[in-house]
Amino acid sequence: MDLDGGNLSTVTTGVQAIPIRSTRHGALYQFTQQNLPACKPVLTPATVITTFLLMGFIFIPVGFITLRASISVVEIVDRYDIDCVPEEFRNNKVAYIKDDSLTKNCSRFLKVLKPMRAPIYIYYQLDNYYQNHRRYVKSRSDQQLLHGLGYNDTSSCKPLESSHDLPVVPCGLIAWSLFNDTYTFSRGPTELKVNRKNIAWKSDRDQKYGKHVYPFNFQNGTLIGGGKLDPSIPLSDQEDLIVWMRTAALPSFRKLYGKIEEDLDADDVIVVHLKNNYNTYSFGGKKKLVLSTSSWLGGKNDFLGVANLFVGSFCILISIVFLLLHVKNPRPYGDTTYLSWNRKIVAS
């Protein structure tokens, strides 16, 4: 069988005829020697200048559109981790957050500067929190989250795979450190309802967390990490846990807490009643509450628009520079005097 299109020839010896394959004209030989037919465009000055101009004319409008979409998003960001510590504990915040006998209630007042159209997304933002640490990321058992106590191999959850010689569901450092600050909102005398359903990915709820898997022996150890889970609710319905278990890639991240499905008008004052339970003081972390609308492009992110504007402006600048160089020093086509070997022949 001829695999590469080569030809066969034979060489006769004293014993038998030995076939010899000629592959110098086969497709494989041409491919390896880069002799296959290919498009080889000639990059003339006019082609290069036109290409850069077209790229600039494409990137700049896209940049303006995406930047406008980002600017249309209204955000309210409030850092509360310092102000929600009583004055007498400001010098020892860790002792305050670890003392369960002290109340952690706190009230914040947020003023709406621009109208915010529903749905309004509520995020908690953590800074200087490395969820991407290798040991932290590996400390979980996806099979246990799906099958519960029926899956016994939870060695990946170390050091929190069991407590009091009983398995822990869900096990691991990620679940153990579940965020447990809580928020309620009101506008004047009216409480704003927070919808905490459908805040996690549907694929996660349906495929990664068992509908008949319930928390077991969770946060019963001597060292309590974060929030507790209702043992009567299956993991597939505990969406705050599902959101938390999807670890962030960067040390500053936001996670969805819920949605306010009412419009907020400009100059409205939102009263936030929160419980400052989560300990970020031990490692110098920060906690922020974020209220945000969305656009067709998602949340507020100016980087995409600025990057498109920068690339488009740079392409137009390069095309102008090339055009000026081409006008100042044009090179006629087919002028062989530019070839050094030709000058040597003429001189001889």
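**Exercise 1. Are C157 and C171 buried or exposed, and how are the two linked?**

Step 1. In this predicted model, C157 and C171 are both buried.

Step 2. Next, look at their sulfur atoms: they lie 1.9 Å apart, and the two cysteines form a disulfide. The cut-off for a disulfide is within 2.5 Å.

Step 3. Now place the pair along the chain.

**Exercise 2. What is the handedness of the disulfide of C84 and C106?**

Step 1. Find the bond: C84 is joined to C106, with an S to S distance of 2.1 Å.

Step 2. Check the torsion about the S-S bond. It is about -70°, so this disulfide is left-handed.

Step 3. See what is linked: C84 belongs to the loop between β3 and α3, whereas C106 is in strand β4, and the two are 22 residues apart.

Step 4. Consider burial, for which the cut-off is under 20% relative accessible area. C84 has 4% and is buried; C106, at 11%, also counts as buried.

**Exercise 3. Which element gives the largest share of the lining of the second largest pocket?**

Step 1. Start with the pocket itself, whose volume is about 270 Å³.

Step 2. List the elements that supply at least two lining residues: α8 and β11.

Step 3. Pick the largest share: β11, with three residues.

Step 4. The lining has seven nonpolar residues, no polar ones and four charged ones; among the lining residues are Y123, W201 and D204.

Key: Residues numbered from 1 in each chain as written. Predicted model: local features only at pLDDT ≥ 70, side-chain atom pairs only at ≥ 80, totals over all residues. Heavy atoms only, no water. 1 Å grid on protein atoms, 1.4 Å probe; cavity = no way out; pocket = protein on both sides within 12 Å on 5 of 7 lines; lining within 4 Å. Points joined across faces, edges and corners; volume = space filled by probe spheres on them. Helix = DSSP H or I, 4+ residues; strand = E, 2+ residues; numbered from the N terminus. Nonpolar A, V, L, I, M, F, W, Y, C, P; charged D, E, K, R; others polar. Buried < 20%, exposed > 50% of the residue type's maximum accessible area, 1.4 Å probe, protein only.
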